[in-house]
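Subject: Structure handover

Dear colleague,

I am passing on the structure we spoke of, and my notes follow it. Please read them with the model open.

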Amino acid sequence: MTDETATTTNSVSLDAEGLASSKKYNLWRDAFARLMANKLAVVSLVLIIVLLFLALFGPYITPYDFLSQDLDARNQPPSWQHWMGTDNLGRDVFSRVVYGARTATIIAFTVVGISMLIGVTLGSIAGYAGGKVDEFIMWITTVVMSVPAILLAVVASVSLRPPMGRWMENMYFLTKIQIFRQAYWVDLVLLMTALVLVLWPTYARLIRGQIMTIRNQNYVLAARALGVPTRSILIRYVIPNSLGPVIVAISAGLGSAMLTESAFSFLGIGVRPPIPSWGNMINEGLDYWRDSPHLLIYPALVLGMMTVAFSFLGDGLNDALNPRQWRD
Amino acid sequence: MSIVKGSNSPTDSTLIRVESLVKHFPVRIGAFAETKATVQALNGISFDIKKGETLGLVGESGCGKSTAGQTILQLHRPTSGRVYYQGTDLTQLKEKQLRPLRTKLQVIFQDPYSTLNPRMTIGTAISEPLQFHNLVPKNKRGERVAELLKIVGLNPAFATRYPHEFSGGQRQRICIARALACEPDFIVCDEPISALDVSIQAQIINLLQDLQEEFGLTYLFIAHDLAVVRHISHRVAVMYLGEMVEMAGKETLFEKPLHPYTQALLSAVPEPNPREERGRQRIVLTGDVPSPINPPSGCRFHPRCPLATETCFKMEPTWNEIEPGHWVACHEVTSPDVDVQSVLANRQHRIDYKEKLKAW
Amino acid sequence: MTPLLNVKNLQTRFKSRQGYIYAVNDVSFHVLEGETLGVVGESGCGKSVTMLSLLKLLPPAARIEGGQAIFNGKNLLEMKTKQIRQVRGAQIGMIFQDPMSSLNPVVKIGVQMSEPLRAHLKMSKSQAWERSAQLLDMVGIPEAEARLHDYPHQLSGGMRQRVMIAMSLACKPKILIADEPTTALDVTIQAQIVDLVRDLRDELNTTIIWITHDLSLIAGFVDRVMVMYAGYIVEEAPVDDLYDDPRHPYTVGLFGALPEIGSTGQRRLTTIKGAPPNLESTPTCCPFVPRCGYATDKCHTTNPVLQPAPDAADPNHRLACWVDIRERRQA
């Protein structure tokens, strides 16, 4: 008797009681809180912020210019004047490492940015269109992914350098803009092209996978049943729910791009000296490792630290954003 | 924009008319996504649903009842067949033309946990149809959402919360509120209570019935729980492996089932009455439900049917109106007076475990 | 008669992020040899956790805080892993709800079935294989010998559950615990399985503990029923008595919520208002109070104790409630 008549009103008051414990809730705030609680992720985040800071302002605040040579003070071990010692040309290793941060950051963010753009576009089309379009795009990604990254980079680099060089010369001739004079931009662009070529299929597949998964989720079906237009489904349903893995992939990609760039520079097909990148510093340092190990250690250490930092941040973001963590 | 009207004009009270609805799903495997097999989920079902009534659709897993619900709403496009809503043929409409009609044809799914977008507040979720179908001007939407939440028995203050903060029963109420926001005529309830606890199920059933009374809703209630279907439906249809085997008014179906499968189904349902249950002789079917990819020939039920004959193996039975309002698809049922019950009781092949155990 | 299994004051809790989840609170019950006990409750009431505690099959976050479980003269809760392993399968068997995840998908059925036979009964490979075929035949699987070479995904849900039953009975355990074995199955398959278990029970005289949320399902084949809520036993009685004369408001509510297939379908189901409880604290009052239509002052202050129900038809009818709802319901 009491139960029947009071079903509606009683559920109202009881529902209120049932949820009294949880305060007003915000998705992103909760994710942020979870991220902050993860000590490893916080440390990584701090390191990355330091990196960005150094990339932006570093070369202006280092004690020495990264190019200036002091031939009297070659291969000096770390001292108070040179915190990380000097290299074989007397350049201050610390300043060069800091400049290397700029190189690494430019490359990493540009490469990941462009790869994401290409990958997300193609991946979204593939995921939503399905059928032959999807198959074709996947076929392309498979082909690209099956070529070894380094081989791809070397081929791209070697074959594109001469025409690039010529084009740069013509541009300078036409416009007289200094930038075209500097050979190292060619290096940079070629390197980034190669890296983008290598990286975009991963993102395409990731996005496609996410879209296909979410497309089949019950809540998307429910939205269709409500008559929500396709565009809105993409914006309100698919994208917000696929953000998690995408953000993680971005942070992992940044670390990966840095590492790959270093590998290429190490091999000589990336950024060429005298412009410092951690990779080419390691390469140069190899020759002197027996007598002056600091030339090798510092750039390697910093590279390793940043890669790990990105990795941990990625993990932390994954945990923070993962809906499975939520009470269910 | 052409809207095809039904040829034989239905009576005013028929809201939904389904004619020979077929839905096959291709199974694509291989690098080039070739179709290797076909899941014959629906193999030609036909029925009417009248305004204001609840048609219960029962069957076991693989019978195609969920597919039926979704295909009727054109969430899957039928392979063939027609679905008429108030005379309009939905199968002929393009998605764009269909969209405005979707407000009238709503659905409540089984799993309240996955049918709400985890990244949207429930207030936003409920106001979506209001927004996209321009049902309510922007400044009035909040009010309407609050109203809807109250109707389903939830505190309107919860509109700013996210789905995971609610229990299963509450989430189902939210889904119901969302369906109601569209001001529908017809709601497909696809196993709306199966995922809920028993004590909550009763709340939702009562809520659905109250809403039907208050708003004059028509339901297609899909479930596997026969007791619930009996409680809430006016008429009941039984499906097996993509086809309809029997349909009748509630009382008729449960008191005088004619199809052997219906008999077995009803016989298998336990009742909370210990003395009766202990003495009860069940009609236990042997074997498992065959796969819809490879359905049996002729009558799909014949491998498990104690009454099966040569004809059943060769020919598919027709969907006959044995008596007014009572439809059956069975070769052996030729008139409403056929006493299937006793024939079944005599002929069923039940596994005698006791014998096997004696050897053990 | 000494019970085969005697559980006293069992207490189990889980460690969660915020604190503890009190899953099983002061649960005491017994099972006599050859009887079938039904354990009824909704999700979160502690019925599964109780049984898993007995066999030490709990996840790492769980802790058995107290109590004893005397089986065959020994306390199961105090056993070391090696000892309890000998009990599992051989003395007390268990079958679970979802047969797909209870069977190893990458191992053939025959191999999985042979495992307990070889471990407990020390059979050789070929002997175990032969016995497995016999067992499959016993539970009604056609072409048993051939099925041994199949993988779990090649069988249907009903078949897999039969395999589970066969496996659990392989070593002829004294007690079989069935944790919602038919919940995931269709109703006709459910009828088959219940049939099977009933016959097995009759022939082998196995003691069965059947966990379920479905009061209708067990009506026909259990001897006693135990109703659980929020980790407590709220009512316990022989089956006829419980269905004739349920005394606890929760039990009454459960019955009221059942749409009966045999009935003429009354207009409204009686519901239990509110939602299942939050188990994050042990209540100092009756755990059912927020949802109870009969709660008195005493219910709000003291947790009821399981005692014999007043004027019950059967002396074994126990009840944890301060209120005699018979009077209230007349009103």
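Which residue of S8(C) does Ile175(C) stand opposite? Ile175(C) stands opposite Thr207(C) in that strand.

Before the rest, some conventions. The model is a predicted one, in which local features need pLDDT of at least 70 and side-chain atom pairs count only at pLDDT 80 or more, while totals for chains, interfaces and linings use all residues. Residues are numbered from 1 along each chain as its sequence is written, and chains are lettered from A and ligands numbered from 1 in the order in which they are written.

To stay with chain C, strand S8 covers residues 207-212, where helices (H or I, at least four residues) and strands (E, at least two) are DSSP runs numbered from the N terminus. S8(C) pairs in the parallel sense with strand S7 (residues 175-179) of chain C over 5 bridges, and strand S3 (residues 36-40) of chain C likewise pairs with S8(C) in the parallel sense over 5 bridges; two strands pair if DSSP finds at least two bridges between them. Because 6 of the 6 residues of S8(C) are buried, the strand is largely enclosed by the rest of the structure. A residue is buried if 20 or more other C-beta atoms lie within 10 Å of its own, exposed if 12 or fewer, and partly exposed in between, with C-beta atoms placed from the backbone. In a regular strand the side chains alternate between the two faces of the sheet. Here Thr207(C), Ile209(C) and Ile211(C) point one way, whereas Ile208(C), Trp210(C) and Thr212(C) point the other way, and all are buried.

Also in chain C, helix H4 (residues 109-120) and helix H7 (residues 157-169) pack at an angle of about 25 degrees with their axes 8 Å apart; axes are lines fitted to C-alpha atoms, for helices over the stretch in contact, and angles run from 0 to 180 degrees between N-to-C directions. H4(C) and H7(C) are therefore roughly parallel to each other (angles under 35 degrees count as roughly parallel, over 145 as roughly antiparallel, 65 to 115 as roughly perpendicular and the rest as oblique). The contact is made by Ile109(C), Gln112(C), Met113(C) and Pro116(C) of H4(C) and by Val163(C), Ala166(C) and Met167(C) of H7(C), two residues being in contact if their C-beta atoms, placed from the backbone, lie within 7 Å. By class, this contact has 6 nonpolar, 1 polar and no charged residues, where Ala, Val, Leu, Ile, Met, Phe, Trp, Tyr, Cys and Pro count as nonpolar, Asp, Glu, Lys and Arg as charged, and the others, Gly among them, as polar.

Chain A has 11 helices and 0 strands, and 39% of its 328 residues count as buried. Helix H3 (residues 39-61) and helix H11 (residues 294-321) of chain A pack at an angle of about 130 degrees, with their axes 8 Å apart, and are therefore oblique to each other. The residues of their contact divide into 12 nonpolar, 2 polar and 1 charged.

Lastly, the contact between chains B and C takes 44 residues from chain B and 46 residues from chain C. On the side of chain B that touches chain C, helix H6 (198-215) of chain B is among the elements giving two or more residues, and H6(B) gives the most, with 7 residues. That side of chain B divides into 21 nonpolar, 10 polar and 13 charged residues.

With best regards
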